[in-house]
Amino acid sequence: MLSKHTHHPELADTRPAQRFATLSLRKAIVFGIGLGILIPAILLGSVLARDSYEREYEVRVRGPLKQYASMLEQTMPVPLWQVDASSAQSFVNSVMLNPDVVRIVVEDAALGRFVHAEQSNAQNQGLISETRDIRKDGTVIGRVTIVMSSHWMEEEFFKKFLKGGLAILVQLLISFFLLWLLFQKRMMRPLQQLQRDVDRLGEGQLTQAVSVARPDELGSLALGVDSMRLRLGELMNEQASHNATLEQRVADRTRELHVSNQELRTALDDLNTAHAEIQRSDRMAALGSLVAGVAHELNTPIGNSVTVASTIHDLSKEFNTKMVQGVTRAALQIYIENNLQASDILLRNLNSAAELIGSFKRVAVDRTSAQRRVFMLDEVVRETVLTMGASIKRHAHDVRMDIPATIRMDAYPGLLGQIISNLINNAILHGFEGRENGDIDIRARLLATEPPTVELSVNDNGIGISEANLGRIFDPFFTTKLGQGGSGLGLNIVYNLVSDVLGGSIRVESQPGLGSSFIMQLPLCAPGHEEPFD
C-alpha cells in the first residue's frame, strides 16, 4: 500500500537545483536556436550583399563606362576630323544624360581640348575613368576621356541593403519566435509538468499518477517515471534498503531525458542547415535564369552587329586597295550603297540591343527616375490610351474605360501610364493572338480601406491564360513568344512598378477561352509622401 504522507528531505532539497538546471537548459537552447538562425543569415547575407554590389557596380558603372568609351571612340573621328564641335558636343551631351557620368573631355591631337562637358552636381566619390585614342584611317588624331562616379549607385544600393536587412531581421525574429513557441509547446511544457510530478514524488506524494500526455519519448519517460512511482511505493513499504536502487533508476531516467533533449537539439540544427541551403539554392537558380535570359536575348542583335561590322571592315579594306589603282565613280557608288545598307542593318540591331538593355534596367525599378505629382486617374488613363490609338486601331480592337472623374492620386503618372500600356500591349500580343475585334475594359473604383485605396483593373475577352502559366507570368524572361518579339519582361516590369514604386499589389484572374483580368490595388498616396493631399 502506498504511503500518503511519507516525506524525504533529501529528495525535496534537490528541487532548487533542478529548477536552476531547467532554467539553464532553457537559456542554452534559446541561445543555440538564436545562433543557429543568426550566424547562417549573417554569413549568407554578407556573401549575397557583396555579390549583389559587384553585379550592380558592373551593370551601372564599369560596363556603361566601357560602352560609352567605345561609342565615343567610334563616333568622334568624323566630327574631330571635320572640326565640327557642335556635332561632337551633341554626341557628348547624349552620354551626359546618364547621371552617373561625371565628365567627358574630347581632345584634338593638334589643337588641345576640343569638347568638354561636366555634370553641375557632379559627385567626386568612387570615380572611375576610361581614355581611348581617336583614330582616323589608322592615325591618332585625338583622344576621349570619360569619368563616371559610383556615388548614386552606392546610395541606391545602400538603401536597398537596409531594406533587405530589415526584412531579413523581421523574418529571423518571426522564425525565432515560431521556433520558441514550438519549443515551449513540444518540450518545455511537458518537461515542466514532468518536473512538477517528480517534485511531488520527491515530497513523498506517491498516490497521484504521473501525467502521460503524448505518445513519444517524453511520454515514454513519463510512463517510466510513473512505473518508478509504483515501484518506489512498493519498495518503500517493503524495505528502506531499496532506496539506493530507486535513486539509480531515477538517474537512468534522467540520463534518458538528457539524451532525448540532445537528439532534439541535433535535429533542430540539421533543420536550420537544410533551410539555409534551400534558400541559397533558390537564389542561385534565380540568378542562373536571369543570366541565361539576358545572354539569349542579346545574342542575336549583337551577333548580327558583329557580322555587319566585319562586312563593313572587309569592304573598306577592299576599297582602300582599289584606291591605290584608281577608283571609278561606279565603284565608289557601289561602296557607298553597301556601306549605307550595312550601316542601316547595324543601327537596327544596335537599337534592338539598346531597347533590350533598357528593358533589363527597368526590371530593377528606380523610384527616383520618375516625377511625382497630383493627378486625376481618368485623365492619365485616357491620355495613355490615346497615345496607343494607332496600335489599337490597326488591330481593330476596342478599349472602353469606366473610371470615375473624382479619383485623384498623388503618385507617378508616367509609371502608371507605363503599367497601363504594358497591360494593353500584353492583351494585344497574347490575349488576342490570331483574332481581331477584341475588347479591353479598364475600370476603377474606390475601396473603403485605410489608407484610401483604388482598385484598377484591365480586362480582356481574349484566349486567357493556361493554369500551368498562371503562376509564372510575372517572372522575369517568362514568355510564350520567345523569338517572336516577346522579351518576357513586360509583366515583370508591371509587377515591380506596382509593388515597389506605387506601393500596391497586383493579381491576375483568368481561365482559358474566357479572357484575363489584371487587378491592381493602389494607395491614392504612393509611399514616400510625408503629408496627405487634400
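## Terms and overview

Helices and strands are DSSP runs, with helices (H or I) of at least four residues and strands (E) of at least two, numbered from the N terminus. By this numbering, V83 is found in the loop between helix 3 (77–81) and helix 4.

The structure described here is a predicted model. Its chain has 534 residues, of which 36% are buried. The secondary structure comprises 13 helices and 11 strands. Among contacts in the chain between residues at least 6 apart in sequence, 71% join residues at least 24 apart.

Strands of a sheet pair through backbone hydrogen bonds, either parallel or antiparallel. In this model, four strands form an open sheet whose order is 2-1-4-3, and their pairing is antiparallel. Strand 2 (112–118) and strand 3 (127–136) are the edge strands, each pairing on one side only. From one strand to the next, the twist averages 15°.

Within the sheet, strand 1 (residues 101–108) pairs with strand 4 (residues 139–149) in the antiparallel sense, over seven bridges. The bridge partner of R103 in strand 4 is V147. Helix 4 (residues 85–96) lies across strand 1, strand 2 and strand 4. The same helix 4 runs at about 35° to strand 2.

## Positive phi beside the sheet and its helix

Two residues other than glycine are described here for their backbone angles. V83, in the loop between helix 3 (77–81) and helix 4, has a positive phi near 50°. Its relative accessibility is 52%, so V83 counts as exposed.

D137 lies in the loop between strand 3 and strand 4. Although D137 is not a glycine, its phi is positive, at about 55°. D137 is exposed, because its relative accessible area of 76% is over the 50% cut-off.

## The packing of helix 9 and helix 11

Two packed helices are described by the angle between their axes and the distance between the axes. For helix 9 (residues 377–387) and helix 11 (residues 413–431), the axes come within 9 Å and cross at roughly 50°. Helix 9 is therefore oblique to helix 11. The crossing of helix 9 and helix 11 is right-handed.

On the side of helix 9, the contact is made by L377, V380, T384 and V385. Helix 11 contributes P413, L416, G417, I420, S421 and I424. The residues of this contact of helix 9 with helix 11 divide into seven nonpolar, three polar and no charged.

## A residue of helix 7

V250 has its place in helix 7 (residues 243–325). With a relative accessible area of 33%, V250 is partly exposed, because this class covers values between the 20% and 50% cut-offs. V250 and M228 are 22 residues apart along the chain, and their C-alpha atoms are separated by 7.8 Å.

## A cis peptide bond

Which form does the peptide bond from E450 to P451 take? The bond is cis, with omega near 5°. P451 lies in the loop between strand 8 (439–447) and strand 9 (453–460).

Note on methods: Residues are numbered from 1 along each chain as its sequence is written. This is a predicted model: local features need pLDDT of at least 70, side-chain atom pairs count only at pLDDT 80 or more; totals for chains, interfaces and linings use all residues. Side-chain values use heavy atoms; hydrogens and water are left out. Two strands pair if DSSP finds at least two bridges between them. Axes are lines fitted to C-alpha atoms, for helices over the stretch in contact, and angles run from 0 to 180 degrees between N-to-C directions. Contact means heavy atoms within 4.5 Å. Angles under 35 degrees count as roughly parallel, over 145 as roughly antiparallel, 65 to 115 as roughly perpendicular and the rest as oblique. A crossing is left-handed if the near helix is turned anticlockwise from the far one by less than a right angle, and right-handed if clockwise. Ala, Val, Leu, Ile, Met, Phe, Trp, Tyr, Cys and Pro count as nonpolar, Asp, Glu, Lys and Arg as charged, and the others, Gly among them, as polar. Buried means under 20% relative accessible area, exposed over 50%, partly exposed in between (1.4 Å probe, protein chains only).
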